Every structure is written in C-alpha cells, then in structure tokens.
Amino acid sequence: MKFINLLKISLSAIIRNKMRSFLTILGIVIGVAAVIAMLAIGNGSNNSIRETISSMGTNLINIKPSRPVFGAVRQASSSSTVLTVDDVVYLQNNSKLIDAVSPELDGSGQIVYGSNNWPTQFYAGNEDYPYIKKYEVASGRMYTSKEIKKASKVCLIGQTIVENVFGDKDPIGEVIRFKKIPFTVIGTLSEKGDNTFGQDQDDLMLTPYTTIMIRVQRQTHLRAIVLSAKSEDSIEETSAEVTELLRSSHKLGIDEDDDFEIKTQEELISSFSSVSEMMLVLLGSIAAISLVVGGIGIMNIMYVSVTERTREIGLRMAIGGKGKDILRQFLFEAMLLSVFGGIIGVIMGIAASNIVGSILGWPILITTSSILLSFLFCTFIGVFFGWYPARKASALNPIEALRHE
Amino acid sequence: MENKEIISIKELHKHYRVGDETIKALNGIDLTVNKGEFLAIMGTSGSGKSTLLNILGCLDLPTKGDYLLDGINVKSLNRNQLATIRNKKLGFVFQSYNLLPRTTAIENVELPLLYNPSVSNAVRKEKAEQALIAVGLKDRMKHLSNQMSGGQQQRVAIARSMVNDPVVIFADEATGNLDTRTSFEIMALFQELNDKGMTICFVTHESDIAAFTKRNVVFRDGRIIKDTQTKNIVIARESILGLKNEDYILN
C-alpha cells in the first residue's frame, strides 16, 4: 500500500472516532506536558545557578590555603597563614598566563553613619580586584595604587548600603565608621541583584587590602588570592602554572602536599549544580513514568479498538488488505495518536512552564532538546505499545472477523 | 469470450476438525461457472454453501481438490497472494453491508482501490464515482454511510464490490436484511449488472430471490444435489411494479 493511502486510512479512522481518539491521547498529552514542564523547571534552576556563578567571572580562579591539621583536628582554612602578599607579587612577576591577580580579605562588621547603622560584609583587594570579581563602579571612583600603598581609609559601597544607610543622600565624600575606623566613601558599585543562593550581592563594602591588613585585622597573611586567566579556555593551564609557581614560592618539596587549594568557577558550578541536576533527573523520571502510563493507555484503547473493529478488519482483508497492511494501519494509527498527543503536550508543557514561571517566579528554561526528547520518546511509545494490538489485528482470520458480532 | 471459464472446481473437499471429530463440510464438489452467468447457490444452513463461498472468495483454502479462478490455481497461493487475488479479481457483497461507519459513500467505494498500489488517486476517484453512478447513487456520494437507508447502504456495498472490475461478484445473503421491495430493487440492480456481462454468485436460502437468477445450484450435506438453469427468470423491475404501492415507501 502506498504511504499516502496508509496515512489517509489511519487518519480517517482517527477522525471517525474523535472522542475515543481524544481520550486516548490524553495520557500522552499529560505525560509530554509534564516532561516538558519538569525539564523546563529543572533546566531553569540549573541554568540560573550557572549564570550566578558565571556572573562572578568565568575566568576566575580562587586560591585558598589548605585546611591545616593540628594534632588530629582540621582547622578552618582562615586560620592558615601560608598565603601572603609575597605570593601575589611572585605570581605577578613570574606567571605568563595570568591576566590579573589580587589578594583577597573579607569579614563582617557594622557600618555606622550618623544615627544609622548597618551590618555588612567587607571585601578587600588591590586595584585589579573589581576587574577580577566583575564589580563595576557606578559613581565616584576606584581607589588608586597610591591609596593602597598608604593604606588609606577609603571605601566603595554597594547599592544596598547606599539605600539603607544614606537613603536619598549622595554618599560620595561622606565618612562612615567601620570597626571604629572612619572610612571616606569614594565610590559606589553597580547593582548586581540577588544570586540563586539568595545572597544580596550589593550588600558589601570594598576597601584596599592594605587598609584591612594594617588597620582592621592586623595580620600579614591573606584569606585568599583571586586571579583571572586570560581566557576561559586557558583556565586549566593557568591553574596548573599557578600551582607550580606557588609550590616553588612556598618551597615545597616533591613529596610534600600543596598547602593551598585552587578552585576554578567550573568546579564551583559543578559542585552546586549536582544537586539541581539530581533534581532534574528525578523530576524527569517522574514525568517519563507518566508518559509510559499514557502509552499503556494507548495500548488499552488500541486493543479495545481492534476488538471493536473486528468486522472492519475482516472487510479490509476480504477486499484485499494484506496482514501487513492491517498491521501498518493500526501501528500508524497508534503512532499518529501519540504524535498528536505529543504536539498538544508540547504546547501545553510550554504554556504550563511559563505559567509556573510567571506565578511562582521560578527560573524556566525550555530547551529544544527537551522538546525533541519527549517528542521522540512518545513516538517510540506509540510504536512500542501500538505494536501488540496491531499484531493481533493483522493475525485475524478474515472469515471469523467478518462473522464477528 | 462467452464461454470463458471463470470458476472451475474439481473434486473439492473441505474438512474441519472440531475436537476429535472431522466435519466434512464439502464432500467432492464439481462446479464450473462461465463468464456472464448469474448463479444462485442455495441450501439450508449447514449445507456447505457458506464454506463453498469462503473458498470461492479465496478467504479459505480447500482440503483437497483444485479450484481454478480465472485460470489461476488458488491452492498453491499464500495468504498475501490470496489477498492480492481478492483485491484484483473479486468483489464481495455481505448481508450486513459492512460499510465503514461515519465514512462517506465514495470513500467506502474507494476502499478496495486503496489496497492496490498501481491505482492512482485520480483513477481511484473516477472509478468510485462511476460505480456509484452505476448503482444509482449519483446524488449521495458525500453522504455518510450511517445516514443512509439499508437499500442505499447495500447499493454502496455493490458499488464497492464492482469498483475494481472483478471477474466475479460474490453476494452472501445480500438481501437478507432488506424488506421485499428493497430486496427486489437490489436484485434488479444485480440483473442489470449481469446484463452488462458481470458474473455473479449469489448465496441465498430464499427461493423467490433465487428466481431472479439464471442458474440454481442447491446444496445438501456438502454435496450439490441439484444444478438447473432457471426456466422462467423473473424480471425484478416487473416484480416491483406488482407490489402494492401503499405498503412501501419509495426510497
């Protein structure tokens, strides 16, 4: 039989039984819609984690001291004193792959301005620090290398502090007190918003690292060193080179372990997305189960349909339909049903995802691959579950089929 | 041309096994049907006429003996080859019409040609239209099968049986579900087709229906007990006129 005739026969059989066809595809529709929506939600949260981390800079490499062990007790990495400004200088002078490098110190404390006060986080680095960490100056200016050398009491503040401490007042030139030390506000940072983990990325104050080391924390070691590679592709090489340089700077022997840890953004992304990827697989499999149940629905109805249309099958055989024609017709009907269900399901899935996205404010990402995947899957289900009833129909004896009541 | 053998059966046997018992449904049949014949196969139920029709219609194979249809020995054919023979050489009309429900008359008539890949869409449409015109349903081509009367449905079925230009049409109690007037009209249609040269085998147990045919073959217990040419063939058109008009509503 010609394909076009087959299509015609199957299609008219489906149209002839509109209500039944609709009920048959309902399971597939819900299954596909569920798969699309679940994957959209899962992919969306995955993607937003990735974006958050990337917004900190994809070329970013973080060096922290290893957690030192005293006796049998592993200490916090901040208690280690192995990273120093000398390391930063050593890297600056010897690395060929580093784009920019800065010491990093952080901590928390209370800002006091007049009668206002505000608990916040401070970060300190050199003049390249905002560049490495993707901070931008919104107004005022960045501190200079001269101010770093002099450990000047200057700072830049994030928008959350501007709003809560200064209100409508222009903060530039004002003096705030932090840990009893007066800091002159020389600039503000552009807004970055909350990240996926719910942290406010604008609630911070940025100062020269020398100021913190000498005037606030009175220490000579660094909490971390941050640096950026020249490009995303050279991150691996850069971190290898940095490891070598730091080992020689720290005069570590061949059999000694690194006394520092290097973390790239990619590692950070993978450690954070592992949870959401697990969720994605979980959601996806629940949705896939509903798709399989939908497929079983198709099998049931096709099976009933074969029994119900026994006479029709007998007639088709009597007027020259071969077993394989009958098989193809019923298989094709099942496939068409599941493809129709798939199309409607995709539309409903996209709609449902967008509704969820706009009502609950969840990040949604509908990928072509998820649409393609669920579509192929439901076509496969149509063939798989349609085969048995179709086989049964094709094996009917035409004489008995024609006599069937 | 006139004496061309369409059906030739020699020493045909058909046995069924039911449990341990062997039922001899057909017990040595010899039958020859020439082109242009209008044959009534008669007999009570269980006489073997349905079994013979199934074999003649290539739906079943004989246990023993030969059956030549239009010169082809059917015995050696497999399931698919039998389907092709049915598609190209045979037409069927059933007691219960067996039209596809909720499908237009023309689509029902086109159906056999859909299973023949050598027929193009245009030819298929044209042949179906011609067949419907021939059975007097020119105005009802787009009507759905379930919106038609019994007589009209059987006309559609007859159009379907002749759309593939078969060598013979088999009708199985084709008037069994119809009232007298409509039965006569259907028989008139068959007579008309026969006059145009169509070979028809008509299975029935009603002798007044058999009276419209040219030759009566009577079965009993799997054997032919009588094979006669009809002496006074009744013309169906005239019989209709003889019916009391007030009892029936014209379709």
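Across all chains of this predicted model, the structure holds 20 salt bridges, a salt bridge being a side-chain nitrogen of Lys or Arg within 4 Å of a carboxyl oxygen of Asp or Glu. One of them is formed by A:Arg20 and A:Glu308, whose closest N and O atoms are 2.7 Å apart. Because A:Arg20 lies in helix α2 of chain A and A:Glu308 in helix α9 (residues 265-308) of chain A, the pair ties together parts that are 288 residues apart in sequence; helices (H or I, at least four residues) and strands (E, at least two) are DSSP runs, numbered from the N terminus. A:Arg20 counts as buried at 18% relative accessibility, whereas A:Glu308, at 55%, counts as exposed, where buried means under 20% relative accessible area, exposed over 50%, and partly exposed in between (1.4 Å probe, protein chains only).

A further salt bridge in chain A joins A:Arg223 to A:Glu104, with the closest N and O atoms 3.0 Å apart. A:Arg223 lies in the loop between α7 (209-216) and β11 (224-229) of chain A and A:Glu104 in strand β4 (residues 98-113) of chain A, so that parts 119 residues apart in sequence are tied together by the pair. A:Glu104 counts as buried, with a relative accessibility of 1%. In chain B, the side chains of B:Lys14 and B:Asp60 meet in a salt bridge with an N to O distance of 3.4 Å; B:Lys14 lies in strand β1 of chain B and B:Asp60 in the loop between α1 and β4 of chain B, so this pair ties together parts that are 46 residues apart in sequence. B:Lys14 is buried, with a relative accessible area of 9%, and B:Asp60 is buried as well, with a relative accessible area of 16%. In chain A, salt bridges also link A:Arg16, A:Arg309, A:Glu312, A:Arg316 and A:Glu333 in a network.

For these and the following values, residues are numbered from 1 along each chain as its sequence is written, and chains are lettered from A and ligands numbered from 1 in the order in which they are written. In this predicted model, local features need pLDDT of at least 70 and side-chain atom pairs count only at pLDDT 80 or more, while totals for chains, interfaces and linings use all residues, and side-chain values use heavy atoms, with hydrogens and water left out.

Two open sheets were identified in chain B. Four strands in the order β2-β1-β4-β5 (chain B) form an open sheet with antiparallel pairing, two strands being paired if DSSP finds at least two bridges between them. Since β2 (21-34) and β5 (72-73) of chain B stand at the edges, each with a single partner strand, one side of each is left without a neighbour in the sheet. Strand β4 (residues 64-69) of chain B is joined to β5(B) by two bridges, in the antiparallel sense, and B:Leu69 stands opposite B:Ile72 in β5(B). Helix α1 (residues 49-56) of chain B packs on this sheet, where β1 (5-18), β2 and β4 of chain B are touched, and the direction of the helix makes about 120° with that of β1(B). Contact here means heavy atoms within 4.5 Å, and axes are lines fitted to C-alpha atoms, for helices over the stretch in contact, with angles running from 0 to 180 degrees between N-to-C directions.

The other open sheet has six strands in the order β6-β7-β8-β3-β9-β10 (chain B), with mixed pairing. Its edges are β6 (90-93) and β10 (223-229) of chain B, each with a single partner strand, so one side of each is left without a neighbour in the sheet. Strand β3 (residues 38-43) of chain B runs parallel to strand β8 (residues 200-204) of chain B, the two being joined by five bridges, and B:Leu39 has B:Cys201 in β8(B) as its bridge partner. Helix α1(B) packs on this sheet too, touching β3, β6, β7 (168-172), β8 and β9 (215-220) of chain B, and its direction makes about 140° with that of β3(B).

In chain A, strand β1 (residues 60-65) pairs with β12(A) in the antiparallel sense over five bridges, and A:Ile262 in β12(A) is the bridge partner of A:Ile63. Strand β12 (residues 260-264) of chain A has a covered face, made of A:Phe260, A:Ile262 and A:Thr264, and an uncovered one, made of A:Glu261 and A:Lys263.
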